[in-house]
Amino acid sequence: MPRKGWSLISQTLVDVTVETARSYPRLIMEANGSGSQGFPELKNDTFLRAAWGEDTDYTPVWCMRQAGRYLPEFRETRAAQDFFSTCRSPEACCELTLQPLRRFPLDAAIIFSDILVVPQALGMEVTMVPGKGPSFPEPLREERDLERLRDPATVTSELSYVFQAITLTRQQLAGRVPLIGFAGAPWTLMTYMIEGGGSSTMAQAKRWLYQKPQASHQLLRILTDALVPYLVGQVAAGAQALQLFESHAGHLGPQLFSKFALPYIRDVAKQVKARLQEAGLAPVPMIIFAKDGHFALEELAHAGYEVVGLDWTVAPKKARERVGKTVTLQGNLDPCALYASKEEIGRLVQQMLDDFGPQRYIANLGHGLYPDMDPEHVGAFVDAVHRHSRLLRQN
């Protein structure tokens, strides 16, 4: 089917998304409002204030993949069904999102889902193979394969279960902490759709960039036009912040990143903010996390996001010098540091906090938690952030 008029389709889809979200019971149309719209009043807004660049009494902390296999209760909940069946169950997603909050005094929750629900919604089959990870039985190989993709106009209806999970989770959080929604960035999604799964080189996807640049831009535009209303729909359903994961930024050098990733990262932020305003929804802070994208820190800091996430390969002081003081930084403890003793974790956290400074900062890991990590060491990380950041402010 010819791909024409994507801008018109995208705008129409935003309207449909917001109307669909408004039909959810007890839906709030304010990003962090009170119970007047049906959601409990937010009690801990430290994460949101840090994201907006406001002063906080301590450094807020959350962990990427904080709802994950390192928790025995997560493994027990997941045992009864396959991964994407779990993603399609609002009740299961809500439960998995809340589990880490019951253990640790985290300052934000992130909805349990997966970035690959978007390619699924576009009509591609995706399975999660134990021991291997995501698999696309029929990846995109030729330019004509783009015709297999559904119109972006179908995506939000296909992903209504994500919106339902967000709304349910906002209710069940009872205002304890804000809820983060998320999606994969266009280039990262493109890599999976072409490679058919994970890859150490992304050679097939990068082959497209060099041999099929026009088709590559067409695919990246399709993904952008799907992501914008999807993210707007998440806010309409109750998400109070959004994170865009450019997990495969490091496979691109500066030139390819500037040509095939950065323009779409910018466009997502610009369009989401505009559509939220048009829909009468309150603005939410947006986070960009481009793993191994250290070569583009300055560009990312001016891409329209309030927060720039850092992986553990970036020195905090140098990052702050490069991005300036107009954005909040997030990160960036090496996840493997959680294999250290609790005492060493505390020392490493103290050094990290000293390097980032007390304000315009959200503590996190430099990537997600790994399945074999000790939950007690995750708790030690969270407690150390709170403890040392309060001491840092006193001094």
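This is a predicted model: local features need pLDDT of at least 70, side-chain atom pairs count only at pLDDT 80 or more; totals for chains, interfaces and linings use all residues.
Gly309 stands opposite Gln330 in strand 8. Residues are numbered from 1 along each chain as its sequence is written, and side-chain values use heavy atoms, without hydrogens or water.

Stay with strand 8, residues 328-333. Strands here are DSSP runs of E with at least two residues; helices are runs of H or I with at least four; both are numbered from the N terminus. Six of the six residues in strand 8 are buried. Buried means under 20% relative accessible area, exposed over 50%, and partly exposed in between, using a 1.4 Å probe and protein chains only.

Strand 8 has partners in strands 7 and 9. Two strands pair if DSSP finds at least two bridges between them. Strand 7 (residues 307-309) runs parallel to strand 8, joined by three bridges. Strand 9 (residues 361-365) is also parallel to strand 8, over five bridges. Gln330 has Ile362 as its bridge partner in strand 9.

Strand 7, helix 15 (residues 316-323) and strand 8 form a right-handed β-α-β unit. Strand 8, helix 16 (residues 342-356) and strand 9 form a right-handed unit too. Right-handed means that, with the strands pointing away from the viewer, the path from the first strand over the helix to the second runs clockwise.

Now widen the view. The open sheet has seven strands in the order 1-4-5-6-7-8-9, with parallel pairing. Its edges are strand 1 (109-110) and strand 9, each pairing on one side only. Further along, strand 5 (residues 241-246) pairs with strand 6 over five parallel bridges. There, Gln243 stands opposite Ile287 in strand 6.

Turn to the rings. Rings of Phe, Tyr and Trp (its six-membered ring) pair if their centres lie within 6.5 Å; planes under 30 degrees apart count as stacked, over 60 as edge-to-face, the rest as tilted. The count is eight aromatic pairs. Phe83 and Phe84 are edge-to-face, because their centres are 5.0 Å apart and their planes at 85 degrees. Phe356 and Tyr361 are stacked, because their centres are 4.1 Å apart and their planes at 10 degrees. Phe356 is buried at 6% relative accessible area, and Tyr361 is buried at 1%. Phe74, Phe83, Phe84 and Phe112 form one aromatic cluster.
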